[in-house]
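Please read the points below alongside the model. They are arranged by region, and each can be checked by eye.

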Amino acid sequence: MRIGIDVGGTNTDAVLMDGREVLAEFKTLTTPDVTDGIVAALAGLQRARPFPPRQVSTVMIGTTHFTNAVVEAQRLAPTATLRLGLPATAALPPMTDWPDRLCAALGRHSYLCHGGYEFDGRIISEFDEKEVREAAADIAAKGIRTVAVSAVFSPVNADMEMQAAEVLRDVIPGASVSLSHEIGRVGLLERENATILNACLHELAETITTALESAVREAGIEAPVYISQNDGTLMSVEYCRQYPVATFASGPTNSMRGAAFLSGQTDCVVIDVGGTTSDVGVLVHGFPREAAVAVDIGGVRTNFRMPDVLPVGLGGGSVVAGDAGDVTVGPRSVGYAIQQRALVFGGDTVTATDLAVAAGLCDVGDRDRVAGLDRELVRRGMQLIQERLAELVDRVKTSPAPLPVVIVGGGSILVEDRLEGASEILKPDHFAVANAIGAAIAQVGGEVDKVVSLADRAREDALESVRREAIGKAVAAGALASSVQIVDVEEVPLAYLPSNAVRIRVKAVGDLPLGGDDGATGR
Amino acid sequence: MARLVGEEDLEDLARGAAVLGTGGGGNPYIGKLLARQAVRENGPVTLVDAAEVPDDAVVVQSAMMGAPTVMVEKLPRGDEAVNALLALQDHLGCRVTHIVCGEAGGINSTIPFVVAARTGLPLIDADGMGRAFPELQMLVPSMLGVSATPMVVADEKGNTVLLRTTGNRWTERFARAATIEMGCTALIACYAMKGHQVRETMVLGTLTLCQALGRVIARARAEHSDPVQAVTEQLNGHAVFRGRVADVERRTETGFARGRAVLAGLGSYGGAKLELNFQNEHLVAIRDGRVLASVPDLIIVLDSDSAEPITTEEIRYGFRVSVVTAPCDSRWRTDAGLALVGPRYFGYDFDYIPVEERVSAERDRP
């Protein structure tokens, strides 16, 4: 048996699964205290379907804590950035183009020092230990213990970043240091940005992961705990403490993969309808399509791979305004107060949910309370909702051919049985907890990052052997061989080495066997 | 008419410049940040039409030289371009009165704004190519006999190299060698010319075109219409392919980012394959073995949904892109123009055929 838990900004969802079967589901409000929420979720599952804690083999947790901390600029540690690159790079110091809110939360503690490498491995200037030591002393004097370190061309040569880390740890006892070559790829500003975000989340990561783990142990479950990453794979709690940025956007990834699993589709559009907004994305061969351009997180530009999800201000709590002639739905929403404010629940605000009940799409709350709504207003309002969603479906699709559309999330009731551009509309069972199911079916990955010489070897051969090695690693990590796919290939030329060397990074991911007789994976 | 260009105009300008950059010309985001910083510190830049520039004006081109893959990593110190200009002015022995853009693409459309903002000199609405090209002699003024030298190459360490050569091909070789030694990025001041030569030899109005391109993309996104189509119409071009990047091979070689990308067709292009060859910029697009477009015509790669221009250093496995081709400045289609920037110059064994002829031939295929 496995447990998947998704801790969202509003709701915490949990599922108990055995093989492909969902044994129990539970939904509860996310609590300010992390431990309480997980304890409540596990207790909820236990009530819904009693299970011996010892029979749980794995607990997978997806969390938006870290994304939300950045978006809300809350609970972030004051963080210093040390960049090695002078005299280059001074035109655009660290945190250039960051939103003011985040700058205020982290402080503007940027230190530019000499060092860094040229593209061909020569140094831009010598590493100056005295300079770094002085910067470290200044950081320590400000009482800051969290530092992000970047160096020009550190993906080609990481030595100076590691030297700087050593000095920082020497001068600042207990310093938490994030190094850019471990976080991102070539592109100094984007890599440095991701490193700063990682660093400022470090303390929070300690707190959160400890709380998550102890909540699971409190329930008597001794099974290993994994955390969801943005690419749909799992990481250990220990790894998450070091690299909390890896959790960014794991929510949409889990939700889309959960939807695919529930509906049995591999190529489809997924609409996750919430209370205030809906997310629309597309799955291609079972994976969320990735955004092609740089991704902003809380207004900070990074070069992470992120699922390409279009948000729209339309959900179950969207406020309906105007009359039949000029009706609007959203983006204003009563949000989580829907249980008090929607007409069907005894409130005084006309919401999208009220329209859906009046149109006979669903039966929640007191249907009689919407009997008096203008029929034309209901018709036009519902039409508007379907049009907005159809337009989004059209925008995320890769071709004009109709695709299956899978609807998940609490607001699924808003969607009619037909949508333009959809070959069929699927509202699978357990749709309200697709996120948690996505976490529970998360995959394991294998990554190979190595320098190969192309002097006496064709590039295609070299790539193929690295690909095979990555697949082997994923299988060794427990993935089913038949499910493993290559999700990322990156080449960095290392022109300074003789014999046409390139650094090749390949990532392969695959499904964990879900148990049961056939080990079927659902994909 | 002279007009002021401020911080709020730079977004459209940088995005439009990246469209004309045809994959090269350097990272537009970094170019935008550098220009924004300079405009914030020094106030808006005065942009003037070539028509209002006095005949005897002293005009200098300001640009970045090197491999775009390096520029995104080794950012400049900030004053290199002004140092290059001042060193050139010293050598010329007379005051520079105007700045002009050498290349309407990527970072090189915005670097002149940095120099104009920092020096207070007016910037002329023109460029030397009407697009981006990888080499220094690939300018219409070069074809028409204007010398790139005297020229100054400057780095972040404070080095400046003055070049005086017998021809622009030599200038390219020496300047490229200096740039590689400087770490594959440098800032340059070159092609000093008189005001009347700007009118006679440059491609006029390109900065305004960049801004217009940025604006149609922004408008199409806001109106949820197709921004790729908006770009195609603005350039009088053709949308020729849509697909997903299946492979990218790239190397930093002799100071350039060289390589190729293979796209697997999507939608109505399903089953088809498009290969893009680049040297900083896209040089040739080959569909299923047939040349679909080549230099000097423009081969533009855009994100299929947002029409965000994708540079050759950014393009990655899995991206979904659309390819748009557009005709180049007509002077590039002369024998002299093709000798400088035609496919044979770049080592391809075929003759140039204008892109509109190739597109209609493709359309007539059974």
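1. In strand 17 of chain B, S322(B) stands opposite L302(B). Strand 16 and strand 17 (residues 320–326) of chain B pair in the antiparallel sense over six bridges, where pairing requires that DSSP finds at least two bridges between two strands. Helices (H or I, at least four residues) and strands (E, at least two) are DSSP runs, numbered from the N terminus. Strand 16 of chain B (residues 298–303) is largely enclosed by the rest of the structure, because five of its six residues are buried; a residue is buried if 20 or more other C-beta atoms lie within 10 Å of its own, exposed if 12 or fewer, and partly exposed in between, with C-beta atoms placed from the backbone.

2. This is a predicted model, in which local features need pLDDT of at least 70 and side-chain atom pairs count only at pLDDT 80 or more, while totals for chains, interfaces and linings use all residues. Residues are numbered from 1 along each chain as its sequence is written, and chains are lettered from A and ligands numbered from 1 in the order in which they are written.

3. How is chain A divided into domains? The division gives domain 1 (1–76 + 201–248), domain 2 (77–189), domain 3 (311–433) and domain 4 (442–511), with bounds that come from an automatic or database domain assignment. The C-alpha centres of domain 1 and domain 2 of chain A lie 33 Å apart, and five residues of domain 1 of chain A are in contact with nine residues of domain 2 of chain A, contact being defined as C-beta atoms, placed from the backbone, that lie within 7 Å.

4. Two prolines follow cis peptide bonds: the bond from L86(A) to P87(A) has omega near 5°, and the bond joining T149(B) and P150(B) has omega of about 0°. P87(A) is in the loop between strand 5 (79–86) and helix 3 (100–106) of chain A, whereas P150(B) lies in the loop between helix 6 (140–143) and strand 7 (151–154) of chain B.

5. The loop between strand 5 and helix 3 of chain A also holds T89(A), which has a positive phi of about 75° although it is not a glycine. T89(A) counts as buried, with 27 C-beta neighbours inside 10 Å. A73(A), likewise not a glycine, has a positive phi of about 55°, and A73(A) is partly exposed, with 18 other C-beta atoms within 10 Å.

Definitions and conventions. Two residues are in contact if their C-beta atoms, placed from the backbone, lie within 7 Å.
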